[in-house]
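Have the sequence and the 3D view open as you read.

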Amino acid sequence: MRGGAWDATGTPALVIAASFLGFGSMAKAADLSMGMALFSTATGWALPGQVVMLELYAIGASLLVISLAVALTNMRLLPMTLSLMPYLRTPGTPRWRYYAIAHLIAVTSWFHAMRKCPDLPPDERLPYLAGHGILLWTVTMAATGIGYALAGAVPPAVSLGLVAVNPIYFALLLANEYANPLRRNAVLIGAVLGPIFFLLDPDWSLLLTGVVGGSIAFLVGRARSGR
Amino acid sequence: MSQEWIWVVMTVAALVTYGWRFLGVALSGRISPSGAVLDWVGGVAYALLAGLVARMLLFPAGALGEAPLSARLAGLAIGLAAFLLSRRNLILGVTCGVVGVIAVRIAA
C-alpha cells in the first residue's frame with residue numbers, strides 16, 4: 001500500500017491536482033456550491049465524465065442525455081478494469097474488496113498499476129492500487145476545493161493552462177507505452193480512428209474507437225507473432 | 001434550475017461511472033491473466049483512451065475550447081518533444097506542453 005502511495009506522490013499527484021483545480025473553478029463557473037463540486041469529485045472520480053456532465057448540465061440537457069453522455073465518455077473504465085482485475089485477484093480475498101477498490105481505478109492509477117502489478121507479488125497488488133488511488137483521491141478532493149475557492153482570482157492564462165494539463169498528461173502517458181507493441185498499435189490506431197468516428201457519430205465514437213481500434217491492434221499482434 | 005436537480009444529475013452520473021468499474025470486476029472472473037481475451041481487452045482499453053485524448057484535444061468540452069486548435073496541437077507537439085528529449089520526464093513534458101498551449105493562445 002505504501003509503495004502505491006509513494007509512486008503516486010510527485011508527478012502524478014501534481015498533475016492530477018492541476019487538473020482538478022481546473023474542475024473546481026469550472027464548477028464555480030457553473031454555479032455549483034463547493035459541496036457539490038466535492039461530491040462530484042468524490043463519487044465520479046473520472047475527470048472527462050465530470051466535465052461532460054457539467055457542460056451538459058449548464059446548458060439544461062435532460063437527465064437521459066447527460067447519463068448517456070457520461071456513460072459513453074467513461075466507457076473506458078470497463079476495459080480498463082477488465083484488463084487490470086486478473087492481476088489483482090488472489091484466492092481468499094473477499095469480493096467486496098475488489099468492488100470497493102474498483103472505485104479508485106482512473107486513468108493515472110490504472111497506468112501505474114498496469115505497469116507495476118505484474119512484477120509485484122500477487123498479495124501486494126491490490127494494496128498497491130489502493131495506496132495509489134487513495135492518495136490521488138485525497139489530492140483531487142483538496143484540489144477541487146482549492147480550485148473552487150480560487151476561481152476567478154487567477155488570470156485567464158492560468159485557468160486555460162489548468163484545463164490543458166489533463167489531455168496533455170494523458171497523451172504523454174499513452175506515448176510512454178511505445179515499448180509494448182500491442183499497446184503502441186492500439187494507441188496509434190485509436191488516436192486516428194477517434195476523431196474520424198467522432199465526426200461520423202459523436203455519441204458512440206469512443207465505443208467504436210475502442211472496439212475497432214483495439215481489435216485491429218490485437219489482430220495485427222496475432223498475425224505478427226504467427227499464431 | 002433547482003438545487004435538487006444538480007444533486008440528482010451528479011448522483012446518476014456517479015452511478016453510471018461506477019457502473020463500468022462494477023461491471024469490470026463482475027466480468028473479470030472469467031478472464032485468464034495470460035489469455036488472448038485479456039490481450040484484446042487491453043487493446044480496446046488503450047485504443048479507447050487514445051481516442052478520448054484525441055477527442056479532448058481536437059473537439060474539447062469545457063474551457064479548453066477557448067484555445068484555438070493551433071494552440072492545442074502546438075501544446076501537444078511541444079509536450080511530446082520535451083517528454084521524448086528529456087528521456088521521458090513526465091512533469092517536464094506536461095509543463096512544456098501546457099506552457100505551449102498558453103503561449104500560442106496569447107500569440108494567436
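The domain bounds used here come from an automatic or database domain assignment. On that basis, chain A splits into domain 1 (2-163) and domain 2 (177-227), and the C-alpha centres of these two domains of chain A sit 24 Å apart.

Some ground rules before going further. This is a predicted model, where local features need pLDDT of at least 70 and side-chain atom pairs count only at pLDDT 80 or more, while totals for chains, interfaces and linings use all residues. Residues are numbered from 1 along each chain as its sequence is written, chains are lettered from A and ligands numbered from 1 in the order in which they are written, and side-chain values use heavy atoms, leaving out hydrogens and water.

**The two chains one by one**

Helices (H or I, at least four residues) and strands (E, at least two) are DSSP runs, numbered from the N terminus. Chain A has twelve helices and zero strands. Its radius of gyration (taken over C-alpha atoms) is 18 Å, close to the 17 Å that the globule rule (2.2 Å times the number of residues to the power 0.38) gives for 227 residues, so chain A is as compact as a globular protein of that length.

Chain B has four helices and, again, zero strands. With a radius of gyration of 19 Å, well over the 13 Å from the globule rule for 108 residues, chain B is more spread out than a compact globule.

| Chain | Rough C-alpha box |
|---|---|
| Chain A | 55 × 45 × 35 Å |
| Chain B | 50 × 50 × 20 Å |

**Where the domains of chain A meet**

Contact here means heavy atoms within 4.5 Å. By that test, six residues of domain 1 of chain A touch six residues of domain 2 of chain A. Buried area is the accessible area (1.4 Å probe) that two parts lose on being put together, summed over both. For this pair of domains in chain A it comes to about 600 Å², with carbon and sulfur atoms giving 64%. On the domain 1 side, A:L72, A:M75 and A:R115 supply 61% of the area buried against domain 2 of chain A, more than any other three residues.

A:R115 also makes a salt bridge with A:E177, the closest N and O atoms lying 3.0 Å apart. A salt bridge is counted when a side-chain nitrogen of Lys or Arg is within 4 Å of a carboxyl oxygen of Asp or Glu. The rule finds one salt bridge across this interface between domain 1 and domain 2 of chain A. The elements giving two or more residues to the domain 1 side are α5 (63-73) and α8 (107-116) of chain A, and α8(A) gives the most, with three residues.

**Salt bridges overall**

Over all chains, the whole structure holds three salt bridges. One of them joins the side chains of A:K116 and A:D7, at 3.0 Å from N to O. A:K116 lies in helix α8 of chain A and A:D7 in helix α1 (residues 2-8) of chain A, so this pair ties together parts that are 109 residues apart in sequence.

**Chain A against chain B**

What does each chain put into the contact? Chain A brings 93 residues and chain B brings 72 residues. Together they bury about 7,300 Å², 81% of it on carbon and sulfur atoms. A:Y57, A:Y99 and A:L172 supply 9% of the area that chain A buries against chain B, more than any other three residues.

How many salt bridges does the rule find across the interface of chain A and chain B? The count is zero. Polar contacts are another matter. These are pairs of N or O atoms within 3.5 Å; within protein, one must be able to donate a hydrogen and the other to accept it, and residues adjacent in sequence count only if both atoms are side-chain atoms. Across the interface of chain A and chain B, 14 residue pairs are in polar contact (both at pLDDT 80 or more). Helix α10 (residues 156-175) of chain A gives the most to the side of chain A that touches chain B, with 16 residues.
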